[in-house]
Amino acid sequence: MQGLQVYRIALVVYFLLSWLPGGYQSSLGQFLIRICEPYVGFFRRFVPPIGMISLAGLVALFSLTFVGYGVNAVFSMLFNLVRQFG
């Protein structure tokens, strides 16, 4: 679950860099483009922009949060099953 939290923080920093002039040209920006753009790009195909604002990043962040909750629930159920029968 820590990996999802780290990736969530990377996404937020990636989105904030769009507000800085030349933010994506820095080495941090280039690194974040490589790790975040494939995931966010998936949502850009399905979520249309509203005017000049793209909501794909917000949808990507929320979906990552929901996936994290789902993974946590599955592991919790498995742990309880192993504890009951083990």
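**Questions on a predicted model**

Met 52 sits in the loop that runs between α2 (27-44) and α3 (56-85). The model is a predicted one.

Q: Is Met 52 buried or exposed?
A: A residue counts as exposed when its relative accessible area is over 50%. Met 52 has a relative accessible area of 85%, so Met 52 is exposed.

Q: Which residues make the nonpolar surface patch of about 1,000 Å²?
A: Residues in a patch have over 30% relative accessible area, and Met 52, at 85%, is exposed. The patch is made by Met 52 together with Ile 50, Ile 53, Leu 55, Leu 58, Val 59, Phe 62, Phe 66 and Tyr 69.

Q: Is Ser 63 buried or exposed?
A: Ser 63 is a residue of helix α3. The cut-off for buried is under 20% relative accessible area. Ser 63 comes to 18%, and therefore Ser 63 is buried.

Q: With which residues is Ser 63 in contact, leaving aside its neighbours within four places in sequence?
A: Contact here means heavy atoms within 4.5 Å. With neighbours within four places in sequence set aside, the contacts of Ser 63 are Tyr 39 and Phe 43.

Q: Which residues lining the largest pocket are the closest to its centre?
A: The largest pocket has a volume of about 310 Å³. Its lining has 13 residues, and the closest to the centre are Phe 15, Leu 16, Ser 18, Trp 19 and Gly 57.

Q: Which side chains meet in a salt bridge?
A: Side chains of opposite charge can pair when their charged atoms come close. The rule asks for a nitrogen within 4 Å of a carboxyl oxygen, and the count comes to one salt bridge. At 2.4 Å, N to O, the pair is Glu 37 and Arg 44.

Q: How many Å apart in space are Gly 22 and Phe 46, C-alpha to C-alpha?
A: Gly 22 belongs to the loop between α1 and α2, and with a relative accessible area of 44% Gly 22 is partly exposed. In sequence, Gly 22 and Phe 46 are 24 residues apart. In space, C-alpha to C-alpha, the separation is 27 Å.

Conventions. Residues are numbered from 1 along each chain as its sequence is written. This is a predicted model: local features need pLDDT of at least 70, side-chain atom pairs count only at pLDDT 80 or more; totals for chains, interfaces and linings use all residues. Side-chain values use heavy atoms; hydrogens and water are left out. Patches are made of residues with over 30% relative accessible area and no salt bridge: like charges are joined within 9 Å, nonpolar side chains (Val, Leu, Ile, Met, Phe, Trp, Tyr) within 5 Å. Accessible areas come from the Shrake-Rupley method with a 1.4 Å probe; for residues, only the protein chains shown count as cover. Helices (H or I, at least four residues) and strands (E, at least two) are DSSP runs, numbered from the N terminus. Buried means under 20% relative accessible area, exposed over 50%, partly exposed in between (1.4 Å probe, protein chains only). On a 1 Å grid over the protein atoms alone, a cavity is a set of points where a 1.4 Å probe fits but cannot get out, and a pocket is an open set with protein on both sides within 12 Å along at least five of seven lines; lining residues have an atom within 4 Å of a point. Grid points are joined across faces, edges and corners, and a volume is the space filled by probe spheres set on the points.
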